[in-house]
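Subject: The structure, and what turned up in it

Hello,

Here is the structure I promised to pass on. Have a look at it first, and then read on for what I found.

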Amino acid sequence: MRQSQFLLPTMKENPADADVVSHQLMLRAGLVRPLASGLYTWLPAGLRVLRKIEHIIREEMNRSGGQELLMPVVQPAELWQDSGRWTKMGPEMLRLQDRHERDFCLGPTHEEVITDLFRREIQSYKQLPVNYYQIQTKFRDERRPRFGVMRAREFTMKDGYSFHADQASFDATYQEMYQCYCRILTRMALDFRPVEADTGSIGGAHSHEFHVLAESGEDTIVYASDGSYAANLEKATAAEPGPRPAPSRAMSSIKTPNVKSISDLCTMLDITPNTTVKTLVVAGDEGPLAIVLRGDHELNPIKASKLPGVKQPFALATEAEILTHTGASPGSLGPVNSNIPVLVDREAAALADFICGANINEEHLAGVNWGRDVKLDTQQIVDARNVVAGDTAPDGQGTLQFLRGIEVGHIFQLGTVYSAAMNASVLSQDGQNLIPMMGCYGMGVTRLVAAVIEQNHDANGIVWPAPLAPFQVHIIALNLQKSEAVQLAAEDLYAKCLDQGLEVLFDDRNERPGVKFAEADLIGIPHRVVIGERGLKNGVVEYKKRTDTKATEIALASVLTQLSGE
Ligand code: ATP
Ligand code: MG
C-alpha cells in the first residue's frame with residue numbers, strides 16, 4: 001500500500017476528549033473516527049487489525065468445533081416476547097418499528113434468534129451437542145459510552161451458543177471454549193487472566209470472564225498471589241475466618257453525639273474500624289433486613305442480592321424507612337435489640353468484644369459479644385462483603401491481590417432458561433421432550449483492538465504484536481522526490497516485498513524525514529526499513545524493529561531476506 005494514497009489521517013496531539021491511551025492512539029494513528037457518541041468508523045488501517053483479530057478467533061473457534069453462521073442485526077419483537085425479555089430489557093435495547101408499525105430491536109445479543117433457529121432446525125437428541133457462533137454487530141444504547149471502542153454503542157462481538165442433552169456434554173464444551181479463549185488471547189500475545197465470575201440471576205456453576213490486564217480497565221479482578229484462585233470482585237470470596245475469641249469484656253453503653261459513620265466513631269473512641277461492626281439495611285421480601293459487616297469492610301451488592309429474604313431488584317433502604325422500622329438513624333444501628341431480621345457477614349460474626357450502634361440515636365454499645373449479648377444462629381451467618389487485598393484465598397493457597405482488567409470475553413452456562421421459555425425441545429432417547437441446556441460464549445472483538453493497544457504501546461505510539469499489525473513492513477523513502485536513486489531502490493524493494501506476499505506500507509510521501517519517523521512510530525508497524533541517499537551510496541539501508549531503540553545498517557541486497565525471515 002502506498003501511503004500517499006492510503007487513508008491514514010494521523011494526529012500529532014492528543015485529542016482532548018480521549019482519556020485512555022488506547023483511545024488516544026486509535027485516533028492519533030488513524031485507526032478509527034467517531035461518528036456520534038459510541039459510534040465509530042473503522043478506517044482502513046484499523047479495519048486491517050480488526051480483520052486479523054477476527055481471523056484468529058475464527059480459526060480457533062472452528063478448531064474447537066464451532067460452526068460459523070450469521071444472524072440479522074434487526075430482530076422481531078415476537079422472539080423477545082417469547083423469551084419474556086421484551087419488557088425486561090431496559091433502555092440499553094434500541095427498539096424501532098417498520099413501515100407496518102411492527103416492533104423490532106437492534107440486537108444487543110442473540111440468544112432469542114439462535115434459540116428460534118434451533119427449535120426450527122434441530123429435532124433430536126442425536127443431533128446434539130451443537131455449537132454455533134457468529135461475528136456480528138451488536139447495538140447497546142450504553143448509559144455511558146466511553147473509552148472509544150472499548151465501551152461503544154455499536155460494536156462487534158463474537159457470540160457463540162451451544163445446546164446440550166445433558167450436563168456432562170455442556171461441561172465438555174464449556175471446557176473446550178475455555179481453552180479456545182485462552183488460545184485466542186495467547187495468539188494475540190495478550191497478558192490476560194481467566195477469572196471466576198458471578199452467574200447472575202441464571203445461576204449454574206459455570207461462568208468465567210477473560211480479562212486483559214490494564215490499569216485503565218473498568219473491572220477489578222482478584223487473584224491469589226501464590227495460588228491459582230482468580231475471580232472478579234463481584235464473585236471473589238476469602239477463606240473462612242478463624243474461630244471467634246471468647247468474650248473478655250462486659251457490654252456497656254456509650255453516648256456518641258454527632259457520630260454518623262464508622263470513621264466518626266473511630267476518631268471519637270480512638271479505635272480501629274476492625275473492632276466495630278456496621279449495620280446496613282436493605283429491602284427484604286417481608287420488610288427491611290439488616291446486614292452486619294465488620295466496620296472496615298464493604299457490602300458486595302451482588303452477593304447481598306442473593307441472600308435469603310433479600311428483595312429483587314436489590315436496593316438499600318432509605319433513611320426514612322430505616323427510621324420507621326428501627327426507631328434509629330443509619331449511624332446508630334446495630335444487631336443488639338434489633339426489631340428487624342439480621343444477617344451477619346462471616347468476618348463480623350468472628351468478632352468478640354466489638355462496638356456497634358445501640359438502635360438508639362447517638363448511642364453505641366461496646367464489649368458486645370455474639371451469643372452472650374445477641375443471638376446468632378448459623379443460618380444468619382453469610383458472605384456479604386467485598387474481599388480486600390491481603391485476605392487469604394478461599395482454598396487457603398496464597399493471599400488475595402487486586403488487579404485492573406478489561407473484560408474481553410465472558411463464557412457462561414445459560415441452563416434451560418431460553419430453551420424452556422421458547423419451547424425449543426428435542427426428542428430424547430426414550431421419546432420424551434428434552435429441553436436442552438445452553439451455553440453462551442461472548443468475546444468483544446472491537447474492544448480487543450483497544451485492549452491490545454493498552455498493553456502494546458510506548459511514549460511514541462503503538463507497538464503492534466506481529467500477528468495483529470495492519471502491515472508487517474514499513475518502507476520509508478527519504479527525499480525520494482529529490483533522489484532518483486532513492487526512488488528506484490524504494491520502488492524496487494516495495495515491488496519485491498509485494499511479490500513475496502509481505503504486507504507492506506510504503507511511505508512514498510513528500511514529507512520531511514522527522515515527520516515520517518514520528519508517524520511510523522505512532523502507527524507501530526513491526527519492521528521499518530529506511531532508504532536514504534547517503535546509505536545507498538554504500539549499498540545499505542537502515543533497518544529497525546519497532547521494539548528496537550536503535551536502527552542497524554544492512555545491505556540493500558540482503559534486506560528482503562531479512563524481512564522474509566522475520
Ligand atoms: P460489560 O460488563 O463490559 O458491560 P457485558 O457483561 O455487558 O460487559 P457481555 O454481554 O457478556 O458483556 O458481552 C460479551 C463481550 O462483549 C464482553 O465481554 C465485552 O468484551 C464485549 N462488550 C460488551 N459491551 C460492549 C460495549 N459496549 N462495547 C464494546 N464491547 C462490549
Ligand atoms: Mg454491559
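To read the ligand site, take a residue as near the ligand if one of its heavy atoms lies within 4 Å of it. On that basis, ligand 1 is surrounded by 14 residues, and the closest are R140, E142, R151, A152 and E407. Please keep in mind throughout that this is a predicted model.

**The ligand site**

R140 places a polar side-chain atom 2.9 Å from an oxygen atom of the ligand. With M150 the backbone is involved: one of its N or O atoms lies 3.4 Å from a nitrogen atom of ligand 1. V408 also takes part through its backbone, with a polar atom there 3.4 Å from an oxygen atom of ligand 1.

**The chain as a whole**

Zooming out, the chain has 566 residues, of which 53% count as buried. Its secondary structure comprises 16 helices and 30 strands. The C-alpha trace spans about 95 × 70 × 50 Å along the principal axes.

**Aromatic pairs**

With ring centres required to lie within 6.5 Å, the count comes to 7 aromatic pairs. One of them joins F354 and W370: the ring centres are 5.1 Å apart and the planes stand at 40 degrees, so this pair is tilted. Which parts of the chain does the pair of F354 and W370 tie together? F354 belongs to strand β17 (residues 354-357), while W370 sits in the loop between β18 (363-368) and β19 (381-382), so the pair ties together parts that are 16 residues apart in sequence. F354 is buried, with a relative accessible area of 0%, and W370 is buried as well, at 5% relative accessibility.

Y494 and F506 make another tilted pair, with 5.0 Å from centre to centre and 35 degrees between the planes. Here Y494 comes from helix α13 (residues 484-499) and F506 from strand β27 (residues 504-507), so the pair links parts of the chain that are 12 residues apart. Are these two residues buried or exposed? Y494 counts as buried at 8% relative accessibility, and F506 counts as buried at 0%.

There is also an aromatic cluster, formed by Y178, Y181 and F210.

**The sheet around F354**

F354's strand, β17, is part of an open sheet of 3 strands in the order β13-β18-β17, with antiparallel pairing. β13 (252-255) and β17 are the edge strands; each has a single partner, so one side of each is left without a neighbour in the sheet. From one strand to the next, the twist averages 30 degrees. β17 and β18 run antiparallel and are joined by 3 bridges. C356 has L365 in β18 as its bridge partner.

The strands concerned, β5 and β6 (residues 103-106), pair in the antiparallel sense over 3 bridges. They belong to an open sheet of 3 strands with the order β4-β6-β5 and antiparallel pairing. At its edges stand β4 (74-76) and β5 (95-97), each with a single partner strand, so each has one side without a neighbour in the sheet. Neighbouring strands in this sheet are turned by 40 degrees against each other on average, direction ignored.

**A hairpin and a loop**

R33 stands opposite T41 in β2. This hairpin has 2 residues between the strands, and G38 takes a positive phi near 75 degrees.

Finally, look at N456, in the loop between α12 (445-455) and β24 (457-458). What lies 2.8 Å from a polar atom of the side chain of N456? The backbone oxygen of V452 does. N456 counts as buried, at 17% relative accessibility.

Best wishes

Key: Residues are numbered from 1 along each chain as its sequence is written. Chains are lettered from A and ligands numbered from 1 in the order in which they are written. This is a predicted model: local features need pLDDT of at least 70, side-chain atom pairs count only at pLDDT 80 or more; totals for chains, interfaces and linings use all residues. Side-chain values use heavy atoms; hydrogens and water are left out. Rings of Phe, Tyr and Trp (its six-membered ring) pair if their centres lie within 6.5 Å; planes under 30 degrees apart count as stacked, over 60 as edge-to-face and the rest as tilted. Helices (H or I, at least four residues) and strands (E, at least two) are DSSP runs, numbered from the N terminus. Buried means under 20% relative accessible area, exposed over 50%, partly exposed in between (1.4 Å probe, protein chains only). Two strands pair if DSSP finds at least two bridges between them. Axes are lines fitted to C-alpha atoms, for helices over the stretch in contact, and angles run from 0 to 180 degrees between N-to-C directions. A polar contact is a pair of N or O atoms within 3.5 Å; within protein, one must be able to donate a hydrogen and the other to accept it, and residues adjacent in sequence count only if both atoms are side-chain atoms.
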